[in-house]
Amino acid sequence: MQEKVDDLVKFLSEHGLCAALTSKEVEKILEFTEEVYFDRGQVVMEVGDVGEALFFVVEGEIVLIYDSGAMETEVGRRRQGEFMGEMSFFDRRPRLTRMRATRDHTRLLKLSRRMYERMRVEEPFITVNFLEYAIVSLDHLIREMSTDVAVLTDYYFAPGKK
């Protein structure tokens with residue numbers, strides 16, 4: 001068990017989420033989070049749900065799917081070392097995308113709202129790191145989507161342009 005904790009602490013320490021934290025503070029994160037596992041095709045979060053947890057991808061990959069009712073469209077991916085679910089978690093509005101595991105044994109760290117509220121009081125410095133990482137994660141997602149929109153716009157409105 002301690003080996004698994006040590007491996008998780010090492011993994012977290014190597015990512016931006018914990019860049020400014022000591023190893024003891026990284027270990028503390030594990031007291032507030034729980035590991036959850038999903039297999040390929042399993043839905044982690046559904047369209048319309050209000051976020052009661054946010055997740056950090058430890059192993060595997062999550063695809064973000066927009067479902068128009070007529071078809072599903074992939075709008076992004078969350079990979080190892082990335083947050084997901086932070087938009088609905090913080091604004092408490094219904095999710096616009098379905099999040100589905102793309103691989104078996106996808107491993108996530110889950111921070112529930114209840115544990116986040118507790119962490120805010122007990123470990124404010126760690127919480128600030130989570131918030132900063134959430135901002136960076138949202139920035140990454142917006143830049144990725146902006147690039148996709150720009151490429152599509154160029155494709156549709158500037159045919160033949162290379």
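**Salt bridges and strand pairing**

Trainee: What makes E123 and K28 a salt bridge?

Mentor: The closest N and O atoms of E123 and K28 are 4.0 Å apart. A salt bridge is a side-chain nitrogen of Lys or Arg within 4 Å of a carboxyl oxygen of Asp or Glu, so E123 and K28 form one. E123 lies in the loop between helix 4 and helix 5 (124-157) and K28 in helix 2 (residues 23-32), so the pair ties together parts 95 residues apart in sequence. Helices (H or I, at least four residues) and strands (E, at least two) are DSSP runs, numbered from the N terminus.

This is a predicted model, where local features need pLDDT of at least 70 and side-chain atom pairs count only at pLDDT 80 or more, while totals for chains, interfaces and linings use all residues. Residues are numbered from 1 along each chain as its sequence is written, and side-chain values use heavy atoms, leaving out hydrogens and water.

Trainee: Why is R107 called buried?

Mentor: Its relative accessible area is 12%. Buried means under 20%, exposed over 50%, partly exposed in between (1.4 Å probe, protein chains only), so R107 is buried. E59, at 35%, is partly exposed. The side chains of R107 and E59 meet in a salt bridge (2.8 Å, N to O).

Trainee: Why are strand 3 (residues 53-59) and strand 6 said to pair?

Mentor: Two strands pair if DSSP finds at least two bridges between them. Strand 3 and strand 6 have two bridges, in the antiparallel sense, so they pair. The bridge partner of F56 in strand 6 is F83.
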